[in-house]
Amino acid sequence: MIIVDRPEVLVVGYAVRTTNAAEADPSRARLPALWARAGAPGAFAHVPGRVDENLYAVLTDYESDHHGAYTEVVGVAVHTAARLPEGMVAVRAPGVPALMLEARGPMPGALVEAWQYVWKHTESGGAPARAFTTDLEIHHPGGADVYVAVLPSFTDPTSSA
């Protein structure tokens, strides 16, 4: 895990509102259907201005912390969102300082492990603290890169305090 300056990205895709508790219960989980819809062949063929072939997941609109509700949008990065295909939304993930983790191996297991690491970091009071603003996953052929927004550090790295 390293801290990086995550660049801003604009994503167009499908959205659901859920909680981690709901996702742990197969009868209430909404993310498998969201990912199945987003992963279907041609799901984003009508989205103009794609940046690349990766799938993006934006986790945003946090109710509180990792125990509260949040919105997940799964889609593609675009240059602009002037015309949204029916049933899709656009969400901007702002550029922020973020913890970056690499999820490699069989999915979704490797991704779940990465998030479990993040949750343990959060619950232990690890620094830097999570911002619970907008998090981002970039899914590519090698796995997924997870960017978890953190609160900015107000210490001056040039001071000798």
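Strands (E, at least two residues) and helices (H or I, at least four) are DSSP runs, numbered from the N terminus.

Quick housekeeping: residues are numbered from 1 along each chain as its sequence is written, and side-chain values use heavy atoms, with hydrogens and water left out. Since the model is predicted, local features need pLDDT of at least 70 and side-chain atom pairs count only at pLDDT 80 or more, while totals for chains, interfaces and linings use all residues.

**The sheet**

Back to β3: Leu55, Ala57 and Leu59 point one way, Tyr56, Val58 and Thr60 point the other way, and all are buried. Thr60 has a bridge partner in each of two strands: Thr134 in β7 and Thr71 in β4. Two strands count as paired if DSSP finds at least two bridges between them.

| Pair | Bridges | Sense |
|---|---|---|
| β3 and β7 (residues 134–140) | 6 bridges | antiparallel |
| β3 and β4 (residues 70–78) | 5 bridges | antiparallel |
| β1 and β6 (residues 96–103) | 5 bridges | antiparallel |

Zooming out, 8 strands make an open, antiparallel sheet in the order β1-β6-β8-β7-β3-β4-β2-β5. At its edges stand β1 (2–6) and β5 (89–93), each with a single partner strand, so one side of each has no neighbour in the sheet. On average, neighbouring strands are turned by 35° against each other, direction ignored. Angles run from 0 to 180 degrees between N-to-C directions, using axes fitted to C-alpha atoms (for helices, over the stretch in contact), and contact means heavy atoms within 4.5 Å.

**Helices and pocket**

Helix α2 lies across β2 (9–18), β3, β4 and β7, at about 10° to β4. Helix α3 lies across β3, β6, β7 and β8 (143–149), at about 135° to β6.

The largest pocket has a volume of about 630 Å³. Of its 23 lining residues, Glu23, Leu31, Pro108, Leu111 and Val112 are the closest to the centre. A pocket is an open set of points on a 1 Å grid over the protein atoms alone, where a 1.4 Å probe fits, with protein on both sides within 12 Å along at least five of seven lines; lining residues have an atom within 4 Å of a point. The volume is the space filled by probe spheres set on the points, which are joined across faces, edges and corners. Helix α3 gives the largest share of the lining, 4 residues.

Note on methods: Buried means under 20% relative accessible area, exposed over 50%, partly exposed in between (1.4 Å probe, protein chains only).
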